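Welcome! Please take a moment to look over the model below before reading on.

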Amino acid sequence: MKKIYKLTVEPITPIHIGTGNILTPLEYKVENGKYLRYSWNEILDSLNQDKAKLNEFMNLTQINDIAKLRDFFHKNVTEKNSFLKINSFKEFSNTYSKNILKNPLESALQVNEIIREGKNAIIPGSSLKGAIRTAILNAEYGKAKKSGAFLDRNNEKKLQAQLLGFEDEKYDAKTDPLRNLAISDCSFDYSENSQFVGSVINIHKNQKKQPGIPVYSEFISGKLTNKVQNGNSRILIDKDLYEKNHEINKFFSIENIIDDCNNFFINAFDKEVQTFYEYETEETQLITDLQNELDKAIKTPNTFILRLGRWSQVEFVTIDGIRNPKTPVKKGEKMPFGTSRFVLNYDGQYIPLGWCKCKVEEVSN
């Protein structure tokens, strides 16, 4: 039997899932608190209608003067010939205003791009499935540990094979029990408020050190920062695949997914709060709001929470008890992990990134 579920994703905090592409001020500008992404087709169309501007543009490209090219676009690009218009948070807008007067080669204000289809922001189905897989693996690890089963903690691939019930404890995609789980990409309808540009900073435990250099990025808006836009996706769970393929030894229902995700992510968040946000400061007041949102979500029927995307922190994307992320080596010794957090700087408030609420509703085939 195949079951299909409508999946409604509500971002609680902003989410960044990037293309890997980095944008420079030759590709955008900030004006009146709005971030405008240039549309090259519209720019070329407008230049072809103005011979003087076209000649100016051609001359600038030939002499390769980056500063003058940036100023040319800043002066001539309007909302009309922009591809995208979204919010720019205060800290980014202020930095842009200062940097626009400087040499772009010395102070390039680079922005990490998010995945889109047209103007709509996208969370790939693979990102959703990856977060669910992490929760399931952690749940299976907890069960195996409690039962006293031998676990090979030195080989993660072999450990995953053990936890998911592979024959001979060797990974084989054909017999992966999560092969029966398919999730479509989640699309968020475009509006000026559904996305924004802001800054991410690295803070240390108990804020004992000054935050690191900001990283600027595009984001899907979250409930705690903007008027949120929900995204829509589909989940397919194919039980026939499990029943017909006798080499697949485990089956995970939608109820299993809901329980495993809620248990893993809320427990990991509680540990994070105790470690980093135990003492409320002016910068961490919104952590309480996030805590309330997550607690409310896990008590809502047919609903589970996930943390995904960049800056969702190592404890939320690995198996508890065996995680061993790469960290810098100083004086021949590997530095410990988990001593700092990447957070959104929201007008002086620190917000953990990547949290969302997922509601499922079964639909007819």
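## Ground rules

Contact means heavy atoms within 4.5 Å. With that in hand, Ile115 touches Ile17, Gly18, Thr19, Asn120, Ala121, Ile122 and Pro124, not counting residues up to four places away in sequence.

This is a predicted model, in which local features need pLDDT of at least 70, side-chain atom pairs count only at pLDDT 80 or more, and totals for chains, interfaces and linings use all residues. Residues are numbered from 1 along each chain as its sequence is written, and side-chain values use heavy atoms, with hydrogens and water left out.

## The whole chain

The protein chain has nine helices and 19 strands; helices (H or I, at least four residues) and strands (E, at least two) are DSSP runs, numbered from the N terminus. Its C-alpha atoms fill a box of roughly 75 × 55 × 40 Å along the principal axes.

Of the 365 residues in the protein chain, 48% are buried. Buried means under 20% relative accessible area, exposed over 50%, and partly exposed in between (1.4 Å probe, protein chains only). The protein chain exposes about 18800 Å², and carbon and sulfur atoms supply 47% of that area. Such areas come from the Shrake-Rupley method with a 1.4 Å probe; for residues, only the protein chains shown count as cover. Among contacts between residues at least 6 apart in sequence, 79% join residues at least 24 apart.

Where does Ile115 lie? Ile115 belongs to the loop between strand 6 (111–114) and strand 7 (116–117). With a relative accessible area of 23%, Ile115 is partly exposed. From Ile115 to Lys205 there are 90 residues in sequence and 31 Å in space, C-alpha to C-alpha.

Gln195 lies in strand 11 (residues 195–204). Its relative accessibility is 0%, so Gln195 counts as buried. Leaving aside neighbours within four places in sequence, the contacts of Gln195 include Leu84, Ile86, Asn87, Ile114, Arg116, Tyr190 and Phe219.

## Helix 6

In helix 6 (residues 156–163), the residues Leu159, Gln160, Ala161, Gln162 and Leu163 are buried. Helix 5 (125–147) is part of what covers the buried residues of helix 6. After helix 6 comes Gly165, with a positive phi near 80°.

## Helices 8 and 9 side by side

How do helix 8 (residues 254–276) and helix 9 (residues 285–298) cross? Their axes come within 11 Å and cross at roughly 160°. Here axes are lines fitted to C-alpha atoms, for helices over the stretch in contact, and angles run from 0 to 180 degrees between N-to-C directions. Helix 8 and helix 9 are therefore roughly antiparallel to each other, a term for angles over 145 degrees.

On the helix 8 side, Asn262, Ile266, Phe269, Asp270 and Val273 meet Ile287, Leu290, Gln291, Leu294, Asp295 and Ile298 of helix 9. By class, this contact has seven nonpolar, two polar and two charged residues. Ala, Val, Leu, Ile, Met, Phe, Trp, Tyr, Cys and Pro count as nonpolar, Asp, Glu, Lys and Arg as charged, and the others, Gly among them, as polar.

## Two asparagines with positive phi

Asn32 lies in the loop between strand 3 (28–31) and strand 4 (34–38). Asn32 is not a glycine, yet its phi is positive, near 55°. At 76% relative accessibility, Asn32 counts as exposed.

Asn302 sits in the loop between helix 9 and strand 14 (303–307). The phi of Asn302 is also positive, near 60°. Asn302 has a relative accessible area of 44% and is partly exposed.

How values were computed. Parallel < 35°, antiparallel > 145°, perpendicular 65-115°, else oblique.
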